Amino acid sequence: MDTLTGGEPGLDPASLLAALPDPIIALDRHGAVRFVNPAAEQFLGIGAPALRGAQLTDFIVASSPLFALVEAVWRDGGSIAEYDVLLEGPRLPPRPVTIQGALAGEGADLLVLSLHERAIAEQMDRQFAHRDAARSMIAMAAMLAHEVKNPLSGIRGAAQLLEQDADDDGRQLTQLICDETDRIVALVDRMEAFSDHQPLSRGAVNIHEVLERVRRIAQSGFARHVRFAEDYDPSLPPVHGNRDLLVQVFLNLIKNAAEAVPATGGEIVLATAYRHGRRLAPAGGGQPLQVPLLVSITDNGAGIPEELKSHLFDPFVTTKRNGTGLGLALVAKVIGDHGGIIEFDSQPRRTVFRVFLPVVPRDSRQDSIGDERRNDTGS
Ligand SMILES: Nc1ncnc2c1ncn2[C@@H]1O[C@H](COP(=O)(O)OP(=O)(O)O)[C@@H](O)[C@H]1O
Ligand SMILES: [Mg+2]
């Protein structure tokens, strides 16, 4: 195959397949791997040299529906797709994918499999929905701050004047006015955090120091009843971020987790890891940003109600009697400002929030060498 239908003579098909995000695997009639693109190497967790010539059953459990599909394609020809297949192997955590198989090559002596990771596509959709939520949030917060706060201070001032001449009953009412206006001002203040258009002031942040600080705050207060476990990768490079805002983000996430777990036997797992190849195309176009640093917060609570999932990051979404529904909206805004990604997976007894963050860019590490610490917990 040295020419390509629809392409120029001499164009190298392998280099085109290398650009695809979906894993592509070609098998011969004996079930041996003849070609993999880089996405397939990454998916299987094994390099092309080790894959070439090997049986696919060495990497994917033989009982997988994938092999039934392969057999059917060899038998019937044509192209067959199967949705929601769970793939699993010695180095492959179970993952739902859509598989498509078709014959290729001269004499149809090759079978090409393309795998499509359904979960990732869905997560991306969710991610973009969150960006819109954050944007409408910003506009609304700016409006509220303008239109609500000024009149409120007038109302409060007037109530205080009335209070001077009021009897006991009247004073109870003016007190009520003051308390309620204070409550609304506090709410608007919290919202104002969203209309902040300042560019982030960023530095090298030791993410484990942030997490340990938040854990200590949690354990001495709202999460006293919860057992914490840590699974940190101490070799992580520093996050390129704003430390105070990141403290706020993880405080909000851990508070939600603590509020979700049962009164006894509640458990929260904090974990960090380095994940190659997590990229996010910036909203306005331009170079995709690498966001390889993963922080996950897992709790064993009841899970997120199904009907909440599609708009979980919207403001004022809450199931709590005294909830504001602003916690996750702020989290989405701050992570977005960092160029990061947030996702969640939730089922009863296991809810995971995953935050992907950028690391300090290589060319600016020089400047921060003095305070560049490794991300060990230091405690
Ligand atoms: N870890 C979690 N487990 C279960 N539900 C959660 C979790 N985190 C968030 N939620 C749900 O999302 C809602 C919104 O959370 P948030 O924006 O922090 O607002 P609030 O905590 O004030 O309700 C919560 O009311 C809860 O129903
Ligand atoms: Mg909350």
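This briefing describes the sheets, the helix packing and the ligand shell of one structure.

The model is predicted: local features need pLDDT of at least 70, side-chain atom pairs count only at pLDDT 80 or more, and totals for chains, interfaces and linings use all residues. Residues are numbered from 1 along each chain as its sequence is written, while chains are lettered from A and ligands numbered from 1 in the order in which they are written. Helices (H or I, at least four residues) and strands (E, at least two residues) are DSSP runs, numbered from the N terminus. Helix α8 (243–260) supplies residues to the shell around ligand 1, meets helix α7 and lies across strands β9, β12 and β14.

**Sheet with β1 to β5**

- Five strands form an open sheet in the order β2-β1-β5-β4-β3, with antiparallel pairing; two strands pair if DSSP finds at least two bridges between them.
- The edge strands are β2 (33–36) and β3 (79–89), each of which pairs on one side only.
- From one strand to the next, the twist averages 30 degrees. Axes are lines fitted to C-alpha atoms, for helices over the stretch in contact, and angles run from 0 to 180 degrees between N-to-C directions.
- Strand β1 (residues 24–27) is joined to β2 by three bridges, and the two run antiparallel; I25 stands opposite V36 in β2.
- Helix α4 (residues 65–76) lies across β1, β3, β4 (92–104) and β5 (110–117), and runs at about 150 degrees to β3. Two residues are in contact if their C-beta atoms, placed from the backbone, lie within 7 Å.

**Sheet with β7, β9, β12, β13 and β14**

- An open sheet of five strands has the order β7-β9-β12-β14-β13, and its pairing is mixed.
- β7 (227–231) and β13 stand at the edges with a single partner strand each, so one side of each is left without a neighbour in the sheet.
- Direction ignored, neighbouring strands of this sheet are turned by 15 degrees against each other on average.
- β7 pairs with strand β9 (residues 267–274) in the parallel sense over five bridges, and the bridge partner of E230 in β9 is L270.
- Seven bridges pair strand β13 (residues 341–347) with strand β14 (residues 350–357) in the antiparallel sense; Q347 has R350 in β14 as its bridge partner.
- The hairpin of β13 and β14 has two residues between the strands, and R349 takes a positive phi near 75 degrees there.
- Helix α8 lies across β9, β12 (293–299) and β14, and runs at about 20 degrees to β12.

**Packing of α7 and α8**

- The axes of helix α7 (residues 207–219) and α8 come within 9 Å and cross at roughly 45 degrees.
- α7 and α8 are therefore oblique to each other; angles under 35 degrees count as roughly parallel, over 145 as roughly antiparallel, 65 to 115 as roughly perpendicular and the rest as oblique.
- In α7, V210, L211, R213, V214, I217 and A218 meet R243, L246, V247, F250, L251, I254 and A258 in α8.
- By class, this contact has eleven nonpolar, no polar and two charged residues. Ala, Val, Leu, Ile, Met, Phe, Trp, Tyr, Cys and Pro count as nonpolar, Asp, Glu, Lys and Arg as charged, and the others, Gly among them, as polar.

**Shell around ligand 1**

- Of the 22 residues around ligand 1, N256, A260, T318, G323 and G327 come nearest; a residue is near a molecule if its C-beta atom, placed from the backbone, lies within 6 Å of it.
- α8 and α9 (327–337) each supply at least two residues of this shell, and α8 gives the most, with four residues.
- The shell has nine nonpolar, eleven polar and two charged residues.
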